[in-house]
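Here is a short briefing on one protein chain. Look over the sequence and the model first, then read the points below.

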Amino acid sequence: MQLEQDNPGATIVPIIISTDKTQLTLFRNKAAYPVYITIGNIPKEIRRKPSHHAQTLLAYLPAARLEHIQNKSSRRRSLANLFHACMAKVLQPLESAGISGMEMASGDGVIRRCHPLLAAFVGDYPEQCLVTCTKHCPKCPISKDELGEDKALPVRALGPVLEALSAVNDGPGTYSNACKEAGIKPVIHPFWENLPYVHIFQSITPDVLHQLYQGVIKHIVSWISEMFSSAEIDARCRRLPPNHNVRVFLKGITTLSRVSGKEHADMCKILLGLIVDARTPNGTSAVRVVRAVRAILDFLYIAQFPSQSEETLDLLTSSLSAFHENKVVFEELGIRDGFNIPKIHSMQHYVESIRNYGATDNYNTEYTERLHIDLAKDAYKSTNFKDEFTQMTLWLERKEKVIRHGAFIAWRLSGQPAPLPPIVRQPHIQMTRNPTKTVPFTKLASDYGAGHFYEALQMTIARYQDSLASQDHLNYIAPKIAVPFIAVPVFHKIKFWNQDPYCRPDCSDVLDVAHVRPSQKRAQGQVPERFDTVLVNAEDGVSDVSSIRGSFNCAGVCCGVG
Ligand SMILES: [Zn+2]
């Protein structure tokens with residue numbers, strides 16, 4: 001790297017900056033524009049937990065809308081210049097520190113020459129464009145008409161852009177033309193202009209929350225609602241069987257307003273179930289719609305893997321191609337006219353960004369959304385609501401000092417332990433408790449709704465006794481099998497969970513729960529019986545889709561036959 005050549009022996013401190021405007025009050029329309037800072041050297045498990053205070057408020061930017069400027073485009077230009085002037089002032093210390101470095105002690109007590117360099121900027125799409133002074137894509141020079149294509153250009157080169165920016169003193173006309181030539185907006189001194197070793201276009205990171213959940217998925221939901229009619233989609237929502245990890249949308253999903261990222265995530269879990277085997281308006285099969293939606297969901301989930309490999313990045317690329325191959329169905333059915341949507345284009349840059357900066361949970365904007373509550377909204381509440389920002393910063397400064405001192409006292413009292421135990425990555429699967437009770441076969445159907453349990457058990461035994469038999473033969477012999485007991489132990493709840501990698505006792509992560517219960521009388525009326533279905537891997541625990549038929553048995557979970 002260039003820095004190592006210029007000044008050998010450097011330790012890089014990658015600075016991650018995020019900004020996100022937030023509403024402080026619902027009615028009086030007061031907004032705050034906080035800038036948060038954190039560093040890439042902190043493990044992401046710590047960085048993303050607000051309780052660990054790895055993110056600090058750096059500044060509040062002016063949230064003024066400059067409404068006194070009548071001309072819209074000149075107001076937009078002034079707002080952009082104001083943003084960059086403020087950010088330049090806030091980040092100015094990075095200029096000299098990035099070049100010559102500064103001595104800092106790390107957690108292990110070793111003093112290193114650290115170079116803080118702006119590495120990543122996290123923000124939503126308008127902020128990304130504002131920061132990079134670009135129009136359609138903050139990363140590459142793609143044109144407006146190609147945003148919907150399966151095509152990405154290489155990231156913009158910084159050299160020509162900096163050259164254009166150096167023409168700022170040659171008069172407004174010359175400067176405008178130079179910037180236009182370089183493909184950027186004529187902002188006066190963008191804040192990154194003089195920051196050392198910064199490539200601002202590369203620093204723009206994927207944003208799963210705004211680009212995928214609140215962008216692409218939002219579009220997909222509206223397209224399929226239009227295609228299959230809102231009434232049908234909502235009716236299908238109500239018909240879905242309950243499951244521990246699936247939210248039940250009893251009112252459907254098409255009438256919700258101001259849908260949050262969490263709600264979109266909940267919709268994604270049922271989206272395929274809502275459209276599978278549905279009929280398109282012209283009566284044709286919806287198989288290409290299912291393929292397109294499935295490809296987007298694959299992309300969404302693979303993009304969020306906490307660690308990535310060449311193999312998963314290939315899957316990410318191929319699911320994006322699968323979407324582009326099948327998306328034309330939305331045009332054919334008259335739902336869409338073109339796909340030139342910046343958020344759809346943004347998916348083109350995920351693979352490269354993950355290669356440069358690691359898994360997307362390193363720079364997720366979801367975490368800053370949580371910070372707003374601590375660092376903007378609570379702070380605002382502590383003021384007398386007049387000239388609030390000076391009061392807010394003072395309040396936060398005091399609070400930070402109290403927290404830091406509290407952490408120091410806790411550390412001394414606990415005998416000054418090492419920062420964190422080593423990471424143990426061990427998926428921990430556990431079935432809890434003894435069976436709740438023993439239930440006769442006859443009662444399984446009437447009390448638990450497990451209708452064909454006895455027949456399924458006979459079939460399982462038949463298949464176990466003769467694993468090579470054909471299905472026809474099994475159908476013939478299974479009903480003749482006499483099961484030598486009349487009741488089975490029933491588990492009302494089974495938990496499957498993964499241990500927290502740091503073994504912190506307060507962080508056990510329940511991944512899934514299978515519920516079984518008989519019909520019950522409650523105050524609000526009769527609650528119907530329920531039993532969940534699980535897929536049991538009967539072989540080596542390797543799960544890939546093609547092996548489901550061969551090695552998994554579908555079993556009602558309520559009963560362990562012993
Ligand atoms: Zn692009």
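The bend at a residue is the angle between two fitted axes, one through the seven residues ending there and one through the seven starting there. Helices (H or I, at least four residues) and strands (E, at least two) are DSSP runs, numbered from the N terminus. This is a predicted model: local features need pLDDT of at least 70, side-chain atom pairs count only at pLDDT 80 or more, and totals for chains, interfaces and linings use all residues. Residues are numbered from 1 along each chain as its sequence is written.

**Overall**
- The chain has 22 helices and 15 strands.
- Of its 562 residues, 26% are buried (20 or more other C-beta atoms within 10 Å of a residue's own; exposed means 12 or fewer, partly exposed in between; C-beta atoms are placed from the backbone).
- Take the contacts (C-beta atoms, placed from the backbone, within 7 Å) between residues at least 6 apart in sequence: 63% of them join residues at least 24 apart.

**Helix 11**
- Helix 11 covers residues 261-275.
- Its 15 residues should span 21 Å at 1.5 Å a residue, and its end C-alpha atoms are 21 Å apart, which agrees; the expected span is 1.5 Å times one less than the number of residues.
- A kink of about 45° is centred on Lys269.
- His264, Met267, Leu271, Leu274 and Ile275 are buried in this helix.
- These buried residues pack against helix 9 (208-228), helix 10 (230-239) and helix 12 (287-303).
- Asp277 follows helix 11 and has a positive phi, near 60°.

**Nonpolar cores**
- A nonpolar core is a set of buried Ala, Val, Leu, Ile, Met, Phe, Trp, Tyr and Cys residues joined through C-beta atoms within 7 Å.
- The largest has 38 residues; Ile224, Val289, Val293, Ile296, Phe299 and Ala303 touch the most other members.
- Elements giving two or more residues to this core include helix 11, helix 13 (310-326), helix 14 (328-332) and helix 16 (350-357).
- Helix 9 gives the most to this core, 10 residues.
- Beyond its neighbours within four places in sequence, Ala303 is in contact with Val208, Leu212, Leu316, Tyr350 and Thr360.
- Another core lies apart from this one; its 37 residues include Tyr36, Phe191, Phe201 and Leu375.

**His492**
- His492 sits in the loop between strand 8 (487-490) and strand 9 (493-498).
- His492 counts as partly exposed because it has 16 C-beta neighbours inside 10 Å.
- Neighbours within four places in sequence aside, His492 is in contact with Thr436, Val516 and Arg517.
- His492 and Arg517 are 25 residues apart in sequence, yet 5.9 Å apart in space, C-alpha to C-alpha.

Conventions: Two residues are in contact if their C-beta atoms, placed from the backbone, lie within 7 Å.
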